[in-house]
Amino acid sequence: MTEPENILQVDGLTKRFRSVAAVEDLSFALSSASIVGLLGGNGAGKTTTLSMLLGLLEPTAGSIRLFGNDFVRNRYAVLRRMNFCSPYVDLPQRLTVRENLLVFARLYGVRQARERISELASDFRLIELMDQPVRRLSSGQKTRVALAKALINHPEFLLLDEPTASLSPDVSRWIRNRLSEYREKKGATILFASHDMREVELLCDKVLMMNEGRIIEQGSPEELKNRHSRNSLEEVFLALNEAGGFR
Amino acid sequence: MNSFAVERIFALLMRYFFLLRSSWPRLLEIAYWPTVQMIIWGFTSIHFSHAGPELTAGGILISAVLIWDSLFRSHISYTLSFLEEMWSRNLANLFVSPLRPWELILALATISMIRTLIGMIPAALLAIPFFGVSVFELGLPLLGFFLNLVFTGWAISQVVTGILLRFGLGAESLTWMLPFLLAPFSCIYYPLETLPDWMQSVAACLSTTYVFEGMRALILRQEWMPELLWKALSLNLLYFLFGLFAFWFSLRSARQRGLLLQSGE
């Protein structure tokens, strides 16, 4: 069976917690080998959306099709082809970097796990840290390990929730470069939730701007800047905010 | 079970093995409590034997302590392994991996069995030179008592892990409380007739009661009563199914409420 060009198709996705709508009637598609930014202020619904795409949260309504499969019905077949990284989640702190990567390689059924771990150790400059417990690492080093874990299974779809939050600009740039390389090399699709407008502008082919659980604007960073006659995504965001787009 | 499922279960076992290897207090604790319990009850038993030898005949108190501990250890080992995932905020990593819930349950049960044996065997062996009591003399029925209590422990664990999923680490104390709720009704150290009528009715619904009644019959009267073990096993099957349902229901509820990403207090 040939897979559709859009690896992700979301239709009418809604999540309500009692009467409060965290995400309302969200519809969008992601094409393969794209990096898409999910932008929005606090409480816009970014993490809720990512959680539903990961199967951590059950939607109230709507559908998610991943790689042409209904995600709810074929969750486990699809999860093998995805991975994620989030500041809300840690790796076991007492285990060393090597042990953590080995456990996740086995969980994802990675063939030639040790070779894959060596490759990631080299790509993410972890060689010196491999036998250190995760709890002894700095936050920048922990982020590199979390990203190595997120790439352990060569995911075709990678979901990242603010992966560079609280990192210094040089580390953030280094991580952006690794993600771009990964997309080029593997043709993977990356969905990237962030507050950092500049980072999204530098990295993403397409941006989905969310507010109060809805997509209020979408397009490439250039399209959005031209449409709103602004010089940066941050200015677009602020202009939408002033116009009442964000509440 | 396909080879991928086996590999995922093995991955989790590796994770718990790495954790134990990295933390000697955790490793020591596994054998520490059963041994301390055995020593305290061993001396209590010696003291009681002066007052009434029938109270401690055949090492019944020490055997009861060791056999009861197999329930407590299996439950604690299962639930603590699950709690390790919550404490380290790793639960979401597991639930977005291809690991199925039943594979998680099987991995937790396997590590629980390993930890229970590591804890119980030294205590049972030490009871021989210390107090001249060998639970191994009970023979094959010992295996029946042990397995029944381990199953009861796992059934409790499934309910507790379900509650932890649904209510977070605020419900952590249930891990220690729940097995002790059963203890007074389980007739561990005294026969069923000791209890008042209403408590006997409750005790009759517990698999643990039949295990300890069977143990007493074997030690005190040298009478092997397999029907008691079958009753215990039937009840355990019911508990286990109830435990599975409770875990599944709580997992579903946690998915609906968005509790899996932030499984804190």
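How many helices and strands are there in chain B? There are 10 helices and zero strands. Helices here are DSSP runs of H or I with at least four residues, strands are runs of E with at least two, and both are numbered from the N terminus.

The model is predicted: local features need pLDDT of at least 70, side-chain atom pairs count only at pLDDT 80 or more, and totals for chains, interfaces and linings use all residues. Residues are numbered from 1 along each chain as its sequence is written, while chains are lettered from A and ligands numbered from 1 in the order in which they are written.

**View 1. Chain B as a whole.** From the N terminus on, its elements run α-α-α-α-α-α-α-α-α-α. The radius of gyration of chain B is 19 Å, close to the 18 Å that the globule rule gives for 265 residues, so chain B is as compact as a globular protein of that length. That radius is taken over C-alpha atoms, and the rule is 2.2 Å times the number of residues to the power 0.38. The C-alpha trace spans about 60 × 40 × 35 Å along the principal axes. Of the 265 residues, 46% are buried. Buried means 20 or more other C-beta atoms within 10 Å of the residue's own; exposed means 12 or fewer, partly exposed is in between, and C-beta atoms are placed from the backbone. Among contacts between residues at least 6 apart in sequence, 77% join residues at least 24 apart. Two residues are in contact if their C-beta atoms, placed from the backbone, lie within 7 Å.

**View 2. Helix α5 of chain B.** This helix covers residues 101-131. Its 31 residues should span 45 Å at 1.5 Å a residue, and the end C-alpha atoms are 44 Å apart, which agrees. The expected span is 1.5 Å times one less than the number of residues. Just after α5(B), Gly132(B) takes a positive phi of about 65°.

**View 3. Helix α9 of chain B and its packing.** Residues 207-221 form this helix. Just after the helix, Gln222(B) takes a positive phi of about 50°.

**View 4. The largest nonpolar core.** The core has 151 residues. It is a set of buried Ala, Val, Leu, Ile, Met, Phe, Trp, Tyr and Cys residues joined through C-beta atoms within 7 Å. Phe192(A) and Leu66(B) have the most contacts inside it. Helix α3 (residues 60-87) of chain B gives the most to this core, with 14 residues. Leaving aside neighbours within four places in sequence, Leu66(B) is in contact with Met38(B), Met120(B), Ala123(B), Ala124(B), Ala127(B) and Val135(B).

**View 5. A four-stranded sheet in chain A.** The open sheet has the order β2-β1-β4-β5, with antiparallel pairing. β2 (20-31) and β5 of chain A stand at the edges, each with a single partner strand, so one side of each is left without a neighbour in the sheet. Strands pair if DSSP finds at least two bridges between them. β1 (residues 6-17) and β4 (residues 61-66) of chain A pair over five bridges. Leu8(A) stands opposite Leu66(A), and Thr14(A) has Ala61(A) as its bridge partner. β4(A) and β5(A) (residues 69-70) pair over two bridges. There, Arg65(A) has Asp70(A) as its bridge partner. The hairpin of β4(A) and β5(A) has two residues between the strands, and Phe67(A) takes a positive phi near 50°.

**View 6. The loop around Pro87(A).** Pro87(A) lies in the loop between β6 (82-85) and α3 of chain A. With 16 C-beta neighbours inside 10 Å, Pro87(A) counts as partly exposed. Leaving aside neighbours within four places in sequence, Pro87(A) is in contact with Asp161(A), Glu162(A) and Ala165(A).

**View 7. Where chain A touches chain B.** Here 26 residues of chain A are in contact with 28 residues of chain B. α1 (46-54), α2 (75-79) and α3 (97-107) of chain A each supply at least two residues of the chain A side. α3(A) gives the most, with five residues.
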